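Please read the following report alongside the sequence and the coordinates.

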Amino acid sequence: MAFPAHRLRRLRRTPTLRRLVAETRLSVDDLVAPLFVREGIDQPNPIASLPGVVQHTRESLRKEAARLVDLGVPALILFGVPATKDAQGSGAWDPDGIVQLALRDLRDEVGDQLVVLADLCLDEYTDHGHCGLVRADGSVDNDATVELYAKVAVAQADAGADVCAPSGMMDGQVAAIRAALDDSGHTDTVVLAYAAKYASALYGPFRDAVDVTIAGGGDRKAYQQDYRNRREALDEVLLDIAEGADMVMVKPALAYLDVIADVRAAVDVPVAAYHVSGEYAMVKAAAERGWIDGDAVALEHITAVKRAGADVILTYFAAELAEVL
Ligand code: PBG
């Protein structure tokens, strides 16, 4: 027999031995649950393309947050779906807008038992579905949008968000948000930058969840990253950290494990990865057909995201995984 016989298989013999030598340990502590709250509904509204995920009422959101506490999930990220949208997305910074009301509810319900993140963007609130202000020629106005993001950050922090998570991919958004938070006395509010966020076809189910259609069949390629680019992600990440980001995110996750690994190697701040709606929906759909074991694939996928280097993982599987981890 060739030497060294059984060298690699020896450590795989029993479940306990494998547990002892496992390099990656996924924990409930790593997870953030994305939740949606919708204005003007009196029953939670299922999202067909995201099985098991709903648009919450303010009341059902409170219950879900309490359940996450019981499950040991440390954090949630909140997205709002307003009843009416306008060109500016004014619902995003309205102190009585759905997200601000829900953030106050959450603070009241769970106190500091959950870290409450607020997604900071305009697309859920604009009637054209873009992440910023649209000029007459159809392009998104970077600097005018960033001014609005600063207002949104202050409104979210006033309402009790622990973390503002800007996802709009405007240049300079982190610096503007940090300055606005500091100037309004919110020096402790954390900024988690969606730093390397790619223009991805995997956000489809999310857009159903927040009732967003981009006007004229448009896309976000003029502000989100091109998926052909890897080095550019580090440029984005390093700039966001220089602007004051406390944590940085790569999004989506599975098709970008190389980017997650690069970012992990390059920075010392916590690295988050967002396992997005399309990644979740693909697993659910194949599992529904009996083509894969959905629970096993979910565990494998989310563990892989951690193995690549993510410290924090945003995933619609958070509550399900919390039950098995
Ligand atoms: C923008 C935002 C999006 C997602 C999170 N924040 C959508 C987009 O950029 O079009 C997608 C999340 C997912 O697909 O799960 N506010």
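The face of α7 that is turned away from its buried side carries the exposed residues R231, D235 and A242, where exposed means over 50% relative accessible area, buried under 20% and partly exposed in between, with a 1.4 Å probe and protein chains only. The buried residues of this helix are A233, V237 and D240. Seen down the axis of α7, these buried residues fall within an arc of 65°, so they line one face of the helix; the arc is that of the directions from the helix axis to the C-beta atoms. An α-helix has 3.6 residues a turn, so residues three or four places apart point the same way. The model is a predicted one, in which local features need pLDDT of at least 70 and side-chain atom pairs count only at pLDDT 80 or more, while totals for chains, interfaces and linings use all residues. Residues are numbered from 1 along each chain as its sequence is written, and side-chain values use heavy atoms, with hydrogens and water left out.

The buried residues of α7 pack against α5 (173–183), β7 (190–197), β8 (247–251) and α8 (257–266), contact meaning heavy atoms within 4.5 Å; helices (H or I, at least four residues) and strands (E, at least two) are DSSP runs, numbered from the N terminus. L239 and G172 are 67 residues apart in sequence, and their C-alpha atoms are 8.7 Å apart in space. Just after α7, G244 takes a positive phi of about 115°.

## The pair α4 and α5

Helix α4 (residues 142–158) packs with α5 at an angle of about 45°, the axes being 8 Å apart; axes are lines fitted to C-alpha atoms, for helices over the stretch in contact, and angles run from 0 to 180 degrees between N-to-C directions. The two helices α4 and α5 are therefore oblique to each other, given that angles under 35 degrees count as roughly parallel, over 145 as roughly antiparallel, 65 to 115 as roughly perpendicular and the rest as oblique.

The crossing of α4 and α5 is right-handed, a term used if the near helix is turned clockwise from the far one by less than a right angle, with left-handed used if anticlockwise. On the α4 side the contact is made by V146, Y149, A150, A153, V154 and A157, and on the α5 side by Q173, A176, I177, A180 and L181.

The 13 residues of helix α3 (residues 98–110) should span 18 Å at 1.5 Å a residue, and the end C-alpha atoms are 18 Å apart, which agrees. Its buried residues are I98, V99, Q100, A102, L103, D105, L106 and V110, and what covers them includes β1 (31–38), α2, β4 (75–81), β5 (115–120) and α4. After α3 comes G111, whose phi is positive, near 50°.

In helix α2 (residues 58–71) lies R62, which counts as buried at 17% relative accessibility. Leaving aside its neighbours within four places in sequence, R62 is in contact with D105, D108 and E109.

## Helix α9

Helix α9 (residues 277–288) has 12 residues, which at 1.5 Å a residue should span 16 Å, and its end C-alpha atoms are 16 Å apart, which agrees. Among its buried residues are Y280, A281 and V283, and the cover of the buried residues of α9 includes α6, β9 (271–275), α10 (294–308) and α11 (318–324). Just after α9, G290 takes a positive phi of about 75°.

## Backbone features in loops

Most residues other than glycine have a negative phi, and most peptide bonds are trans. M169, although not a glycine, has a positive phi of about 60°; this residue is found in the loop between β6 (163–166) and α5, and at 6% relative accessibility M169 counts as buried. D211, again not a glycine, has a positive phi of about 55° and is found in the loop between α6 (204–209) and α7, where D211 is partly exposed, with a relative accessible area of 34%.

The peptide bond from K251 to P252 is cis, with omega near -10°, and P252 has its place in the loop between β8 and α8.

Note on methods
The expected span of a helix is 1.5 Å times one less than its number of residues.
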